Amino acid sequence: MSSKQISRITVARQGEVHPGVNYDVHVRIPALAAVPWGLVLAYDVRSSPLDLPGEHGIAHRTSTDLGTSWSEPSWLTKPGSVGTGDASLIATDDELLCFYVSSDDKSFWDDTEPGPWGLWLARTPDGINWSHENVTDQLWPEDAGSLFASSGNGIQLRSGRILQPLVIRRRGTQARYVAMAISDDRGRTWRIGRAVEGCDETKVVEIHDGTIVLHSRSTPHRLLAYSFDGGETFTEPVPDFAEPGCNGGLAYSPDLGLIAATIDPRFATGSGTMVDPTGGRGTASGPDWSKRRGLVLRRGILPTDPGNDSPAADPSNSSATSRTQALNWSEPLVIDDGPAAYSVAVALAEGIAVAWEHGAYENIEFALIPHEDLPRWAR
C-alpha cells in the first residue's frame with residue numbers, strides 16, 4: 001500500500017454558516033464535475049446526518065484554480081419543508097446537469113409514488129442560472145417502491161448520449177437494482193435501461209473503445225459489469241476488489257486507465273468502535289461504522305488500453321483479465337487514512353480530482369492527485 005503526502009483542502013464543514021439556514025449544518029454527499037468555468041462541487045446541507053426526509057438542501061461551490069480555493073456556497077436548492085439531496089453532476093458539451101431527489105415526508109425505504117418522492121433534473125449553462133424539471137414520471141419503473149440517482153456524477157458519452165445510474169428499490173422489498181437513465185437528446189427526454197441486478201450506488205465511465213464500465217457499491221466486494229451497447233444493458237456483475245460497502249468514485253483516462261476511489265477494509269478499527277452517525281438507517285449499514293476508514297485510489301487498466309503499463313498488458317500473461325471478469329488493480333494509494341465515506345472522482349489533464357466525506361460526516365474534502373503520484377504496478 002502506497003502512502004504519500006496528499007495535499008487536501010476542506011471545502012465544507014459541519015457547523016459552517018450557509019445563507020438562510022438557522023440550524024446546525026451537517027454536510028454530506030459530494031458531487032463533482034469539471035466544466036468550462038472551473039470545478040463545481042455540490043453537496044447536501046442537512047439538519048442532521050440522516051437521509052431524507054428532512055429540511056435538506058443542496059449547495060454548490062466553484063473553483064477556478066484546480067481546487068486550491070473555492071467560492072462561497074450558493075444554493076442549487078434551498079432547504080425547506082420539502083427536502084432535497086443526493087446530487088449527481090453531469091458535464092455535457094454545453095451545460096452542467098444535476099440530478100437530485102426530493103421528499104416531503106417519505107424515506108427511500110418507504111414505498112411511495114411519484115409526488116411525495118421526486119426525481120429532478122437541474123441544468124445551467126454558466127453555474128449561476130439554474131432551471132429545474134421534475135423527471136420522475138419519465139424514469140419511474142412499474143416495480144419501484146422508490147428510487148434515486150446514484151450521487152456523485154454521471155457521464156456524457158462521445159456519441160452525445162447521457163447516462164445517469166439510478167438505484168431502484170423494488171416495491172414491498174428492500175431489494176435494489178441499478179438501471180441507467182438514458183437521454184439521446186441532450187437531457188430533454190429520458191428513458192430507463194435494463195436492470196442490473198444486485199447493484200447499489202454506482203459509477204460508470206466510457207473507456208477508449210466505447211465500452212461502459214460499471215462499478216457498484218457492495219459488500220464484501222465491489223461489483224463490476226460492462227455494457228457494449230451504450231448503457232442499455234450490462235453483463236452480469238462479478239465481484240471485484242474487497243470493500244466494506246460505500247459509495248465510491250470512478251474515473252477514466254486513456255493514458256491512466258480506470259481510477260477507483262473507495263474505502264479499503266484493511267483500515268477497519270474493529271467491530272463496535274464507532275457508531276454510525278445516521279443510526280444505521282440503511283438496511284445493510286447497521287450501527288457499527290468502524291469499517292468506514294481509509295479512502296484510497298486504485299488504478300486498473302484493461303489489457304487493450306492504450307498506455308497500459310500493467311503486467312496484464314502482456315497477452316502471454318495468464319493473469320490478464322477479459323471484459324467479463326474482475327480487473328487486476330494496482331496497490332492502493334492512501335488519500336485519507338482516517339474515518340471517511342462517500343467519494344467521487346474526475347479525470348483532469350492535471351491529475352485525478354477527488355472529493356469525499358471525511359470523519360463521521362464532518363467535512364467535505366478535496367484533493368488533486370497529479371499523474372506522477374498515482375499508483376503503479378510492481379513488476
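1. Start with the aromatic cluster made up of Phe108, Trp109 and Phe148. Within it, Phe108 and Phe148 pair up edge-to-face, with 5.0 Å between centres and 80 degrees between planes. (Rings of Phe, Tyr and Trp, the latter by its six-membered ring, pair if their centres lie within 6.5 Å; planes under 30 degrees apart are stacked, over 60 edge-to-face, the rest tilted.) Phe108 is in the loop between β8 and β9 (117–124) and Phe148 is in strand β11 (residues 144–149), so the pair ties together parts 40 residues apart in sequence. Strands here are DSSP runs of E, at least two residues, numbered from the N terminus.

2. Both Phe108 and Phe148 are buried, meaning under 20% relative accessible area with a 1.4 Å probe, protein chains only.

3. A word on the model: it's predicted, so local features need pLDDT of at least 70 and side-chain atom pairs pLDDT 80 or more, while totals for chains, interfaces and linings use all residues. Residues are numbered from 1 along each chain as its sequence is written, and side-chain values use heavy atoms, leaving out hydrogens and water.

4. The whole structure has seven aromatic pairs. One of them joins Phe99 and Trp190, edge-to-face at 5.0 Å centre to centre and 80 degrees between the planes. Phe99 belongs to strand β8 (residues 96–103) and Trp190 to the loop between β15 (176–183) and β16 (191–192), 91 residues apart. Phe99 is buried at 0% relative accessible area, and Trp190 counts as buried at 6%.

5. Finally, charges over rings (NZ of Lys or CZ of Arg within 6 Å of the ring centre and within 35 degrees of the ring normal). Arg28 has its charged end over the ring of Tyr361, 3.7 Å from the centre; Arg298 has its own over the ring of Phe241, at 4.3 Å.

Terms used:
Helices (H or I, at least four residues) and strands (E, at least two) are DSSP runs, numbered from the N terminus. Buried means under 20% relative accessible area, exposed over 50%, partly exposed in between (1.4 Å probe, protein chains only).
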